[in-house]
Each structure stands twice: as C-alpha cells, then as structure tokens.
Amino acid sequence: GESLKVLVSAGDRPIACFAWSSAPYHLDHRDRFIGWSRDARTKHRHLVAYNTRFLIVPWVRIRHLASHLLGQMARRISKMWESAYGHPIAYLETFVDTERFRGTCYRAANWIPLGLTSGRGKDCPTNEKNRSIKEVFGLPLTKRFREQLSCLG
C-alpha cells in the first residue's frame with residue numbers, strides 16, 4: 001500500500017519522525033463518522049492516511065512540540081501524498097494505546113476522538129479481548145471531507 005516516512009529536523013539534528021500508511025480497510029468509528037457506505041469506503045479509502053508511528057526523540061524537551069508538529073504535518077501531508085501518489089488526502093486517522101498514552105497531543109492538535117477499539121484486533125477468531133484497547137482519532141483536512149469521501153464527491 002501507499003506510505004510515507006517523514007523525518008523532522010531542527011538544523012541538522014533529527015527531532016521527530018512520522019510514518020503514514022494506507023488506512024485500514026474497515027474501522028467502525030471512522031466509517032460512521034464519515035458516513036461511509038461499503039461502496040464509498042471501497043472507492044475512496046485511498047484518500048485517508050493512517051498515522052502508524054509518531055516519535056519525538058527522547059532527548060528533545062520542548063513544550064507543545066508534539067501538537068505543533070501534528071499541526072504542521074496536517075497542513076503538509078496532502079501535498080506530500082499527492083506528489084508521491086498522484087492524489088491528495090482528505091482525512092487522517094490514528095490509534096492511541098490507552099494503556100500507555102492519553103492522546104493529549106492529538107487532542108491539542110484538534111484531532112477528534114471517535115471511540116475505543118474492542119481490543120480484539122482485525123482477525124480475532126473469538127470475541128475475547130487479546131490486545132490493549134486503542135482510542136481512535138480522526139482529523140478531517142478539508143471542510144468538505146464528507147463530500148470528498150462519499151460516492152457523490
């Protein structure tokens with residue numbers, strides 16, 4: 001699938017990195033928030049990027065850096081993606097492990113909390129929790145994102 005890796009530097013020193021990939025096929029919270037039908041999701045999922053990794057190197061201690069970088073990335077990723085893959089991005093999403101993090105930087109960068117995962121994973125054969133619960137966050141990149149992501153757009 002499509003993916004981008006971004007290294008953020010201050011001068012010649014790396015301070016953070018992002019990894020982005022194609023969005024998971026089916027995600028209840030996202031699909032309901034967008035208002036996706038199965039056909040619309042199949043046709044337009046390529047317009048969604050999934051933030052798989054975000055790291056600020058441990059020796060960097062700058063207040064509010066994480067939310068600042070998330071905001072900068074949100075303003076730039078669509079053009080970066082279009083340059084790499086020939087199409088823009090209309091929506092971003094990520095998961096935050098609730099056993100380790102609170103998602104404070106995503107909230108501060110205006111990402112929208114959409115709900116919690118079941119803790120079962122996508123291929124779980126039972127209904128039993130087998131991994132940590134994640135909070136799903138989404139960020140529309142345009143005011144008309146639902147129209148762009150629907151079969152009407």
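A disulfide here is a pair of cysteine sulfur atoms within 2.5 Å. Okay, with that in hand, let's go through this one. Keep in mind that this is a predicted model, where local features need pLDDT of at least 70, side-chain atom pairs count only at pLDDT 80 or more, and totals for chains, interfaces and linings use all residues. Residues are numbered from 1 along each chain as its sequence is written, and side-chain values use heavy atoms, with hydrogens and water left out.

So, how many disulfides do we get by that rule? The count is zero. As for accessibility, buried means under 20% relative accessible area, exposed over 50%, and partly exposed in between, using a 1.4 Å probe and protein chains only. Cys-17 comes out partly exposed at 28%, and Cys-105 is partly exposed too, at 22%.

Next, the sheet. Strands are DSSP runs of E, at least two residues, numbered from the N terminus, and two of them pair if DSSP finds at least two bridges between them. What we have is an open sheet of six strands, in the order β1-β2-β3-β4-β6-β5, with mixed pairing. Which strands are at the edges? Those are β1 (3-10) and β5, each pairing on one side only. From one strand to the next, the twist averages 30 degrees; the axes there are lines fitted to C-alpha atoms, with angles running from 0 to 180 degrees between N-to-C directions. Strand β4 (residues 91-97) runs antiparallel to β6, and seven bridges join them. Glu-93, for instance, is opposite Gly-138 in β6.

Now two serines. Ser-21 is in strand β2 (residues 13-22) and is buried, at 17% relative accessible area. Contact means heavy atoms within 4.5 Å. Leaving aside residues up to four places away in sequence, Ser-21 touches several residues, including Glu-2, Val-48, Tyr-50 and Trp-81.

And where is Ser-132? You'll find Ser-132 in the loop between β5 (112-116) and β6 (134-140), and at 13% relative accessibility this serine is buried. For polar contacts, take a pair of N or O atoms within 3.5 Å; within protein, one must be able to donate a hydrogen and the other to accept it, and residues adjacent in sequence count only if both atoms are side-chain atoms. The Ser-132 side chain makes one of 3.1 Å with the side chain of Asp-97 and one of 3.0 Å with that of Lys-134.

Definitions and conventions: Helices (H or I, at least four residues) and strands (E, at least two) are DSSP runs, numbered from the N terminus.
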